[in-house]
Amino acid sequence: MNYAIYPGSFDPITNGHLDIIDRALSIFDKVIIAVSDNQQKKHLFSLEERLHLIRQVLTDKKRIEVESFSGLLVNYAQAKKIKVVLRGLRAVSDFEYEFQLANMNRNLADDIQTVFMMTGQENFYVSSSLVREVASFKGNVSQHVPQAVNERLKEKFQ
Ligand code: ADP
């Protein structure tokens, strides 16, 4: 079976993430969504909330697993014996950071490949950080996030 790990903060999961997951399911048998538990990053949603929201909005529950991980991504991937790390690309602005990250991961573990997937045009400018910012000012983000996330954001910023 072909497995891929899709790592990220998912704070919160957006339609951009879901777009990448759908595309990934068309070429991989199984996708592991790996939610990072990076204590140094300030999150809007706790790790438990992020995991819960992802599980709530998943489409193909049989072929997707949701887990958290801490520490180095390559160590996590190696422990799970999975050789593909999936990352999403939006506009050119993602490239520099993703290139650095992929290069660093390759230096750390040459047996793990980073695979990039391009999101659909409607998600080119969707990011969790922008969604958080707009939602914090009570702006409408309903077209960029699944309904459960939209509701949770509204509660959070009420
Ligand atoms: P991280 O903190 O690791 O960047 P994110 O949750 O922000 O975590 O992103 C996880 C992955 O999903 C990254 O590869 C990011 O580029 C990708 N991603 C985020 N939003 C989108 C989007 N709208 N379209 C495509 N990929 C996206």
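Let's start with helix α1: eight of its eleven residues are buried, so the helix is largely enclosed by the rest of the structure. Buried here means under 20% relative accessible area, while exposed means over 50% and partly exposed is in between (1.4 Å probe, protein chains only). Helices (H or I, at least four residues) and strands (E, at least two) are DSSP runs, numbered from the N terminus. Before going on, keep in mind that this is a predicted model, where local features need pLDDT of at least 70 and side-chain atom pairs count only at pLDDT 80 or more, while totals for chains, interfaces and linings use all residues. Residues are numbered from 1 along each chain as its sequence is written, and side-chain values use heavy atoms, with hydrogens and water left out.

Back to α1. The buried residues include Gly 16, His 17, Leu 18 and Asp 19, and Ile 20, Ile 21, Ala 24 and Leu 25 are buried too. Pro 12 sits in the loop between β1 and α1, and the peptide bond joining Asp 11 to Pro 12 is cis, with omega about 0°. For background, most peptide bonds are trans, and most residues other than glycine have a negative phi.

Now for the ligand. There are 17 residues around the ligand, and Tyr 6, Ser 9, Lys 41, Gly 88 and Val 126 come nearest; a residue is near a molecule if one of its heavy atoms lies within 4 Å of it. By type, that shell has five nonpolar, seven polar and five charged residues. Ala, Val, Leu, Ile, Met, Phe, Trp, Tyr, Cys and Pro count as nonpolar, Asp, Glu, Lys and Arg as charged, and the others, Gly among them, as polar.

Which atoms pair up with the ligand? Tyr 6 places a polar side-chain atom 2.7 Å from a ligand oxygen, and a backbone N or O atom of Val 126 lies 2.7 Å from a ligand nitrogen. Arg 87 has a side-chain N or O atom 3.1 Å from an oxygen of the ligand. On its own, the ligand has 550 Å² of accessible area, and the protein covers 90% of it (Shrake-Rupley method, 1.4 Å probe). Elements giving two or more residues to the shell are β1 (3–8), α1 (15–25), β4 (84–89) and α4 (93–108).

Finally, a few exposed spots in loops. Lys 81, between α3 (73–80) and β4, has a relative accessible area of 73% and is exposed; its phi is near 60°, a positive value in a residue other than glycine. Lys 138 also has phi near 60°, lies in the loop between α5 and α6 (147–156), and is exposed at 61%. Glu 122, in the loop between β5 (113–118) and α5 (128–136), is exposed at 58%.

Technical notes: Polar contact = N/O pair within 3.5 Å; in protein donor to acceptor, adjacent residues only side chain to side chain.
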